[in-house]
Amino acid sequence: MAERAQFEELARQLSAVGAVKRDMGRILPPDCPAGSAAVLTLLGRHGDMRMSKLAELLAVDMSVTSRHVAHVAARGWIERLPDPADKRSRILRLTPEGLEQLDELSRRTTHLLAERLADWTDDEVGQLIRLMTRLRDSFGDCRSAPVRIPAPVVEETTRTPAST
């Protein structure tokens, strides 16, 4: 097992991943903020779904999901169809325009990664993918699982009566 210093360094490196994510966010088209890109990506990856499932996958409140969905729907990137199983619900589906936008997002992301990792070998990129996949697997579905921090261990001391 790794030593404490290695885990501390890993924690520092993982917090620095935020800078990578911010840089990736800067390449998004002006009319497609990160929340909208996430909606398109999840619909592209998982197919048609209800808004409740999308909220679960996004790991955000239904009101936040609703705003993201309204944004992409207003641009014609998704359609909201009646759910045959429950007429009160809607099924979200990518439109051809949404698929085009998703392709554009993929092109931009791929270009940025290829540019920033140009000095990496194919093996190094593959190793990073394998290790990041393994890291995510080790944490399971961390989107909905509550973080449990163990209570500190308090050592009991034995008191002896004071001598008089």
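So, which strand does strand 2 pair with, and over how many bridges? Strand 2, residues 78-83, pairs with strand 3 in the antiparallel sense, over 6 bridges. Strands here are DSSP runs of E with at least two residues, helices are runs of H or I with at least four, and both are numbered from the N terminus. Two strands count as paired if DSSP finds at least two bridges between them.

Before I go on: this is a predicted model, so local features need pLDDT of at least 70, side-chain atom pairs count only at pLDDT 80 or more, and totals for chains, interfaces and linings use all residues. Residues are numbered from 1 along each chain as its sequence is written, and side-chain values use heavy atoms, with hydrogens and water left out.

Back to the strands. A hairpin takes you from strand 2 to strand 3 through 2 residues. Strand 3 also runs antiparallel to strand 1, with 2 bridges joining them. Look at Ile91 in strand 3: Leu81 stands opposite Ile91, and Ile91 is also the bridge partner of Arg50.

Okay, helix 3 next, residues 51-58. Leu54, Ala55, Leu57 and Leu58 are buried there, buried being under 20% relative accessible area, exposed over 50%, and partly exposed in between, with a 1.4 Å probe and protein chains only. Down the helix axis, those buried residues fall within an arc of 165°, so they line one face of helix 3; the arc is taken from the directions from the axis to the C-beta atoms. What do they pack against? Helix 2, strand 1, helix 4 and strand 3, where contact means heavy atoms within 4.5 Å.

Last topic, salt bridges. The whole structure has 11, each one a side-chain nitrogen of Lys or Arg within 4 Å of a carboxyl oxygen of Asp or Glu. One of them joins Arg116 to Asp23, with the closest N and O atoms 2.1 Å apart. That pair links distant parts of the chain, Arg116 in helix 5 and Asp23 in helix 1, 93 residues apart. Is Asp23 buried or exposed? Buried, at 19% relative accessibility, while Arg116 is partly exposed at 46%. Apart from residues up to four places away in sequence, Asp23 touches Leu112 and Arg116.

Compare Arg4 and Glu8: they both sit in helix 1, 4 residues apart, about one turn of the helix. Their closest N and O atoms are 2.8 Å apart. Arg4 is exposed at 67%, and Glu8 is partly exposed at 34%.
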